[in-house]
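Look at the aromatic side chains first.

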Amino acid sequence: MNEKRAVVTLFGAGVAVVTAYIAYRFIAALTIAIFLYYSTRRFYKSLERLHLPDKARAGLVISFLAVPLLGLITYTVALLVVEVRNFVAEYPVAEMLPQDVVWVQSLENPPELTIQGLAGAYQAGTFDPFIDFAVDHAGLLTSVVSNVLLNLLIVVVVTYYLLIDGAKFHEWLLRFDDDAIVREYLETADKELEAVLFGNLLNVILISLIAIVTFMGYNLAVPSAVEIPYPALAGALTGIASLIPVVGMKIIYIPVAIAAAVPLVLDGNTAMVVYLVGFLVLAVVIVDTIPDLVLRPYLSGERTHVGLLMLAYIFGPIVFGFYGLFLAPIILVLGLTFADTALPRLLGADSGRRSGPPERTEGVSVSKQPPSSEPAGEASQ
């Protein structure tokens with residue numbers, strides 16, 4: 001019997017090691033999937049009122065995330081291409097760059113962004129430097145693209161099945177309950193993770209709306225020469241950038257202000273730049289500072305300290321890399337919940353709290369004691 005138990009234990013340890021190694025190799029994708037699961041679980045549960053199957057609800061949740069994000073990225077890239085082409089066509093950018101660089105020559109006559117224009121540019125050899133670069137680095141580009149697509153697939157699949165089978169996994173973990181400590185810890189951590197990570201998603205949405213209204217309001221109040229380009233897109237990207245620690249939204253509204261100021265400086269109309277300075281002040285106060293002070297305390301969970309959560313967002317990417325932005329808050333919530341629920345009981349410091357509900361008979365607590373060996377009559381005497 002002991003030999004069989006040892007073999008099973010050894011096999012289980014081997015499986016655990018292999019599983020941990022695979023999870024470590026794809027830790028970024030798995031972390032983002034867990035982040036998305038807790039961020040969207042309330043929305044997934046709210047779809048129950050439509051009486052849709054679990055798979056349909058999970059598919060809808062992922063679609064509501066993926067389709068707008070994909071559209072936003074595509075729209076952003078297309079606008080960047082258009083604006084760069086217009087800027088290169090209007091200002092002598094090619095003359096400012098070294099002429100010995102081959103691809104600089106293609107900037108002198110940017111092609112029209114139409115099928116005919118792109119086809120004509122390809123036939124004229126305009127894209128040859130870029131094609132040669134892609135061929136020379138085909139192995140690297142293929143590796144990067146395939147790695148991105150693989151991790152994206154893992155994120156989608158894991159998020160999908162967590163939404164469907166997350167409750168089953170939770171119940172499986174509760175099978176290892178010991179004196180109700182595991183149950184209390186898992187249920188508390190699960191609730192707090194949902195509150196914190198759903199709060200992050202809600203924070204992104206609210207800041208996007210605030211930024212869109214602010215940027216569009218600015219455009220209505222200033223001359224057309226100093227308007228912010230594409231205020232709705234800039235506002236949406238500002239909300240997404242709010243997830244990035246320290247720098248955050250500044251990586252959007254500062255480059256936007258610079259992009260609006262460059263034509264003014266090149267045209268010698270520097271006096272109008274003061275409007276863009278006002279835009280930066282407006283963005284810092286209304287979009288960046290006030291929501292952080294007002295919204296974040298309400299969206300940071302019930303137990304997790306706001307300051308510790310901000311530190312997690314700051315140190316997470318430094319310690320773990322980019323996915324630390326999602327992993328650090330999860331580790332923080334798990335650690336604080338353990339310290340608040342399980343640790344005091346494990347150390348005996350929470351002796352006032354009983355490990356399980358007391359047995360009661362008609363409102364009177366009944367303690368468990370070993371039965372007496374004396375007969376009832378003798379005991380009464």
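Rings of Phe, Tyr and Trp (its six-membered ring) pair if their centres lie within 6.5 Å; planes under 30 degrees apart count as stacked, over 60 as edge-to-face and the rest as tilted. This is a predicted model: local features need pLDDT of at least 70, side-chain atom pairs count only at pLDDT 80 or more, and totals for chains, interfaces and linings use all residues. Residues are numbered from 1 along each chain as its sequence is written, and side-chain values use heavy atoms, with hydrogens and water left out.

Phe 215, Tyr 218 and Phe 279 make up one aromatic cluster. Within it, Tyr 218 and Phe 279 form a tilted pair, 5.1 Å centre to centre with 55° between the planes. This pair links distant parts of the chain: Tyr 218 lies in helix α9 (residues 181–221) and Phe 279 in helix α12 (residues 273–294), 61 residues apart. Helices here are DSSP runs (H or I, at least four residues), numbered from the N terminus. Both Tyr 218 and Phe 279 are buried, meaning under 20% relative accessible area; exposed is over 50%, partly exposed in between (1.4 Å probe, protein chains only).

Now turn to the core. A nonpolar core is a set of buried Ala, Val, Leu, Ile, Met, Phe, Trp, Tyr and Cys residues joined through side-chain atoms within 4.5 Å. The largest has 27 residues, of which Tyr 44, Ala 58, Leu 163 and Leu 197 touch the most other members. Helices α2 (27–46) and α3 (54–90) are among the elements giving two or more residues to this core. Another core, of 22 residues, lies apart from it and includes Val 222 and Ile 252.
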